[in-house]
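Please look through the structure below with its aromatic rings in mind, and then read the numbered points alongside it.

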Amino acid sequence: MRGDATELAAALRHGSLGAAEAMQTSLKRAARHESLGAIAYLDAAMGLASAKACDGDRQRAPGDFAARPFAGVPTLAKDLGGPFAGLPVTAGSRLFERQGGEADSDLASRFRDAGFCLFGLTTSPEFGLSLASEPAIGPVCRNPLDPARTAGGSSGGAAAAVAAGIVAIAHATDAGGSIRVPAACCGLVGLKPTRGAIPGGPSFGNHLAGIASELAVCRSVRDTALIFSWLSGHTRGPVADPSPVDIDNGRLRIGVLTDTGPTYPTESDRLAVVEDAAHALESDGHEIVPLTWAEFEWSVAASGRAFADIVSVNLATLIKAAALDEGRAEPLTQAFAARGRALSATMLWSTLNDAVLVSHRLWALFDKVDCILMPMLVSAPLAIGSFPSDHADTDLHLERMAAFAPLACLANISGFPALTLPFGQDQQAMPLPVQLMAPMGHESRLLSLAARLEAEARWQHRFPVAGLPS
């Protein structure tokens with residue numbers, strides 16, 4: 001596995017590594033990999049001060065230090081979402097200046113309570129509108145596994161930083177696949193939690209009508225499980241906390257989708273790995289239930305429309321409310337804002353009703369299966385520049401994203417949890433990811449099945465974590 005945040009936290013807890021030492025190593029790794037463009041803003045002084053405070057905590061109150069699962073672990077926040085006090089988020093846009101920094105969001109407070117030491121912001125496309133992280137203001141984020149390819153978006157900087165071992169884990173957000181697509185591009189684990197499982201307050205500025213969620217990109221399933229358990233629950237948001245569901249370790253019905261239709265065909269090696277994962281689960285006694293594209297086609301299309309309408313209206317509202325100089329934004333961003341202003345209330349209402357029907361149809365599928373196994377991406381990560389933002393054709397941009405990850409938006413619009421993890425590599429040594437979906441509140445089921453697949457060790461991280469032995 002070549003290390004994860006859990007292993008790094010254990011080294012810090014046992015005293016074989018100091019938090020300041022871990023931070024210095026992360027800062028050195030960040031400098032070495034600067035050309036990846038993973039980090040949009042770095043504050044070494046903040047990181048070192050936080051790490052030294054953690055070392056002091058370990059000396060004064062070792063019991064309290066040990067109770068924090070990620071005490072002393074360096075990490076990065078995303079330049080979108082949060083916010084985290086002291087880290088000036090710009091959402092990848094020149095419409096904001098890097099100065100000041102808002103107070104901690106509820107989620108940011110939980111990150112700090114978990115013991116993380118933050119030292120910067122990871123690269124995001126402007127306002128998170130792309131499945132690549134190449135904002136016009138820079139930097140262009142590249143995939144550590146092949147710098148000619150994208151690291152994904154919109155949490156591409158987070159994924160690149162974790163895959164390169166700059167940090168072992170990083171904050172990420174997901175409104176249309178933005179955790180899972182970068183994780184899939186970079187050979188990581190990415191969980192989009194159930195709607196309402198993760199706090200979004202107090203401002204709910206990244207709520208996006210319920211489609212957005214925040215968590216992290218991780219190097220292991222156990223890291224994903226640990227950070228989800230620490231950050232989730234008691235969200236005080238617009239929907240009820242998902243009820244905890246006891247995991248059923250018995251025979252599960254695994255629905256398997258190995259067809260993404262003629263419009264968005266998935267390459268054969270990426271379909272084959274889904275079948276391989278299905279065989280692995282079947283060997284454990286689970287029942288395999290074949291699913292067809294016809295059972296998903298309407299929901300996938302409706303999810304794409306809902307994503308487009310919600311992000312467009314949100315962007316138009318933000319620009320007006322904050323009195324931003326829209327003319328300084330990228331042409332594509334301006335076009336999405338114009339799209340939002342042109343959308344009528346009745347059209348938006350129709351879109352939101354369709355989103356409810358997407359959720360209802362997925363519930364019907366879960367009447368006959370307990371989990372769904374499906375492709376995450378139709379191909380290997382695309383070349384840098386595949387999602388340009390120097391044009392105003394929003395339909396073309398949305399179609400390009402759908403053609404790369406047609407099943408990404410489904411979990412966001414429906415509210416269901418979904419997880420991606422690598423399950424092998426292709427002939428170019430790029431990860432072959434799969435995606436798992438479960439009913440709302442069944443993260444434990446996703447994590448259990450993912451841990452089973454991870455145990456096959458069909459993917460190995462290319463770079464060790466800074467601070468851990470290589």
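Predicted model: local features only at pLDDT ≥ 70, side-chain atom pairs only at ≥ 80, totals over all residues.

1. Residues are numbered from 1 along each chain as its sequence is written, and side-chain values use heavy atoms, with hydrogens and water left out.

2. Seven aromatic pairs are found in a search of the whole structure, where rings of Phe, Tyr and Trp (its six-membered ring) pair if their centres lie within 6.5 Å, and planes under 30 degrees apart count as stacked, over 60 as edge-to-face and the rest as tilted.

3. Phe70 and Phe116 form a stacked pair, because their ring centres are 4.6 Å apart and their planes are at 15°. Phe70 lies in the loop between α4 (62–67) and β2 (74–78), and Phe116 in the loop between α5 (106–113) and β3 (117–122), 46 residues apart; helices (H or I, at least four residues) and strands (E, at least two) are DSSP runs, numbered from the N terminus. Both Phe70 and Phe116 are buried, that is, under 20% relative accessible area with a 1.4 Å probe and protein chains only.

4. Phe387 and Phe404 have ring centres 6.0 Å apart and planes at 55°, so this pair is tilted. Phe387 is buried at 6% relative accessible area, and Phe404 is buried at 2%.

5. Arg361 lies over the face of Trp298, 4.3 Å from the ring centre, under the rule that CZ of Arg or NZ of Lys is within 6 Å of the ring centre and within 35 degrees of the ring normal.

Terms used:
Buried < 20%, exposed > 50% of the residue type's maximum accessible area, 1.4 Å probe, protein only.
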